Amino acid sequence: MRIDRFLHCIRLVKSRTLAQGLIDSGHVRIDGKRVLKPSEEVRAGQVVALPLHGAIRVLRVTALPARRGPPAEARCHYQEIGTSSGD
């Protein structure tokens, strides 16, 4: 699944356009490697790190969502590994 679509489906961003802007900023990483384009693939078991709302969020992908569902359903597709303040 594309990383921009994944971030949108798990409700971390409100639109794919915002996800693409976040990726274009150059701070999103999959398994420690910088994501260069929004079409980059993400798979179950990978670790995604990204800056969001003044903090660095680190997520382990547990499953790929089929759709953008309600928040409770979206949270089932990732596990929060860590959050650190961006200060």
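**Fold and residues**

Q: How many helices and strands are in the chain?
A: The secondary structure comes to three helices and five strands. Keep in mind that this is a predicted model.

Q: In what order do the elements run from the N terminus?
A: The order is α-α-β-β-β-β-α-β.

Q: What about the radius of gyration, and how does it sit against a compact globule?
A: The chain has 12 Å. A compact globule with 87 residues would be near 12 Å, so the two agree.

Q: And what does the C-alpha trace span along its principal axes?
A: About 30 × 25 × 25 Å.

Q: Burial and surface: what are the numbers?
A: Of the 87 residues, 37% count as buried. The accessible surface comes to about 5,000 Å². Carbon and sulfur atoms own 52% of that surface.

Q: Contacts next. What share joins residues at least 24 apart?
A: That share is 43%, taken among contacts between residues at least 6 apart in sequence.

Q: Charges: how many positive and negative, and how far apart are their mean positions?
A: There are 15 positive and 8 negative charges. Their mean positions are 3 Å apart.

Q: Switching to strands. Which way do β3 and β4 run, and how many bridges join them?
A: They run antiparallel, with six bridges between them. β3 covers residues 47-52, and β4 covers residues 55-61.

Q: What sits between β3 and β4?
A: Two residues, and the pair forms a hairpin. Histidine 53 is in the turn, with a positive phi of about 55°.

Q: Which residues stand opposite each other there?
A: Alanine 49 faces valine 58 in β4. Proline 51 has isoleucine 56 as its bridge partner in β4.

Q: Which side chains of β4 are buried?
A: Ala55, Arg57, Leu59 and Val61 are buried and point to one face.

Q: Which residues make up the covered and uncovered faces of β3?
A: Val48, Leu50 and Leu52 form the covered face. Val47, Ala49 and Pro51 form the uncovered one.

Q: How does β1 join β3?
A: Two bridges join them, and the strands run antiparallel. β1 is residues 29-30. Arginine 29 stands opposite alanine 49 in β3.

Q: Now loops. Where does valine 13 lie?
A: Valine 13 is in the loop between α1 (3-9) and α2 (16-24).

Q: Is valine 13 buried or exposed, and why?
A: Buried, because its relative accessible area is 10%, and the cut-off for buried is under 20%.

Q: What does valine 13 touch?
A: Not counting residues up to four places away in sequence, valine 13 touches Leu7, His8, Leu18, Ala19, Leu22, Leu52 and Arg68.

Q: How far is valine 13 from histidine 77?
A: They are 15 Å apart in space, C-alpha to C-alpha, and 64 residues apart in sequence.

Q: Last one, cysteine 76. Where is its place, and is it buried or exposed?
A: Cysteine 76 is in the loop between α3 (71-75) and β5 (78-85). Cysteine 76 counts as exposed because its relative accessibility is 57%, and exposed means over 50%.

Q: How far is cysteine 76 from valine 61?
A: 9.4 Å in space, C-alpha to C-alpha, and 15 residues in sequence.

Note on methods. Residues numbered from 1 in each chain as written. Predicted model: local features only at pLDDT ≥ 70, side-chain atom pairs only at ≥ 80, totals over all residues. Heavy atoms only, no water. Helix = DSSP H or I, 4+ residues; strand = E, 2+ residues; numbered from the N terminus. Rg over C-alpha atoms; globule rule 2.2 N^0.38 Å. Buried < 20%, exposed > 50% of the residue type's maximum accessible area, 1.4 Å probe, protein only. Contact = heavy atoms within 4.5 Å. Areas by Shrake-Rupley, 256 points an atom, 1.4 Å probe, with all protein chains shown as cover. Lys, Arg positive; Asp, Glu negative; His and termini not counted. Charge placed at Lys NZ, Arg CZ, Asp CG, Glu CD. Pairing = 2+ DSSP bridges.
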